[in-house]
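Me: I would like to go through this model and ask, for each label, what it rests on. Please set each value against its definition.

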Amino acid sequence: MFNADEFIEKSLEDIKSKVTGKAIIACSGGVDSMVCAALVSKAIGDRLLAIYVDSGLMRKGETEEVRDMLESMGINYKILDAADDFFGVLKGVIDPEQKRKAIGEKFIRLFEKEARDFGAEFLVQGTIAPDWIESGDGKHKTVKSHHNVGGLPKDMEMKLCEPLWDLYKDEVRQVARKLNVRSSERQPFPGPALSVRCLGEVTPENIAIVREACYIVEDEIQKAAAAGKMDLPWQYFAALLPIRSVGVRADERAYGRTVVVRAVLTKDAMTAKYAQIPYEVLDAISTRITSTMGDTVNRVVYDITNKPPATIEWE
Ligand code: XMP
């Protein structure tokens, strides 16, 4: 049985003995990286620099929210504006594995530069058990290369520190609550961010569509849960499909984009069931997306597939 207090005590000792010099951590704002930042800053204080990369692929309002969180945690931090770098390496890339690897590599190169400037030898990462199990560890087959695992280049200069390596998400949340990390209940968000919710080419225009659709899905589901119409699913979001379909708008033929809504229930993300969202809520989502984004999106569908055979994300 997992004991969060024991885990914290042991990992503080491990970090203190392992991380002898300076370290940097990539903070996305998610529970994994924020717990790591809290743990490592407890262990080594100002020798840690937290970096949030604004990749241009983040959700609506996310950069401001993470800045606020880092500020309130009293951690040494820096925000990098790297949208052009990411859209640059993603140009023309359609294959999901290539996307993940291109993003992983770009992250690492940016961090190597920041680490050199800061004089850090260590890179702290919030890798958790499902990340490396699904990325293929020799015993398990590769399902998808989680960007913090599969994207690491062979010639990486930094030493890795991954305090959450053996933990599953529900255990990370227990640790987060003990450490008062604000994102303890935040739904997971993949490392490659909205790029894996944008099937086909990742362009600023496509990301803007999926960003707004994700925002609407999150907002409508959170409102419905707050009004007691449903329980909050484990994860809920939208993805943009790389297809067009025929519709009608103001009596004219339209040829628009399709957004898929996904919401799942799971304990550890290794298997999942699609959430049986009330039709009333699905209707509110669909109506809001097509009325506010009707120039681009003319079709909204709901994904009713479990994992397996699907995965939670679409890429
Ligand atoms: P899948 O899509 O593999 O996702 O069923 C399982 C959980 O992991 C999240 N996910 C990621 N998390 N880096 C991460 O840190 C990644 O590259 C990544 N890809 C997927 C996904 O959102 C779900 O919660």
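**Labels and their grounds**

Me: Why is the pairing of Glu218 and Arg59 called a salt bridge?

Reply: The side chains of Glu218 and Arg59 come together at 3.1 Å, N to O, and a salt bridge is defined as a side-chain nitrogen of Lys or Arg within 4 Å of a carboxyl oxygen of Asp or Glu, so the label applies. This is a predicted model, in which local features need pLDDT of at least 70 and side-chain atom pairs count only at pLDDT 80 or more, while totals for chains, interfaces and linings use all residues. Residues are numbered from 1 along each chain as its sequence is written, and side-chain values use heavy atoms, with hydrogens and water left out.

Me: What are the two domains of the protein chain, and how many residues does each bring to the contact?

Reply: The chain is divided into domain 1 (4-187) and domain 2 (198-302), with bounds that come from an automatic or database domain assignment. The contact (heavy atoms within 4.5 Å) takes 20 residues from domain 1 and 19 residues from domain 2.

Me: What area is buried between domain 1 and domain 2, and which residues of domain 1 lose the most?

Reply: Buried area is the accessible area (1.4 Å probe) that two parts lose on being put together, summed over both; between domain 1 and domain 2 this comes to about 1600 Å², of which carbon and sulfur atoms give 57%. On the side of domain 1, Lys60, Phe87 and Gln187 lose the most area to domain 2, together 37% of what that side buries. Across this interface the rule finds three salt bridges.

Me: How do you know that helix α5 has the span expected of a helix?

Reply: Helices are DSSP runs (H or I, at least four residues), numbered from the N terminus, and the expected span is 1.5 Å times one less than the number of residues. Helix α5 (residues 96-118) has 23 residues and reaches 33 Å from its first C-alpha to its last, close to the expected 33 Å.

Me: What makes Asp95 a cap of α5, and what follows the helix?

Reply: A side-chain oxygen of Asp95 lies 3.2 Å from the backbone nitrogen of Glu97, capping the N-terminal end of α5. After α5 comes Gly119, whose phi is positive, near 80 degrees.

Me: What makes Ala193 stand out?

Reply: Ala193 is not a glycine, although its phi is positive, about 55 degrees; this residue is found in the loop between α8 and α9 (204-226).

Note on methods. Helix = DSSP H or I, 4+ residues; strand = E, 2+ residues; numbered from the N terminus. Polar contact = N/O pair within 3.5 Å; in protein donor to acceptor, adjacent residues only side chain to side chain.
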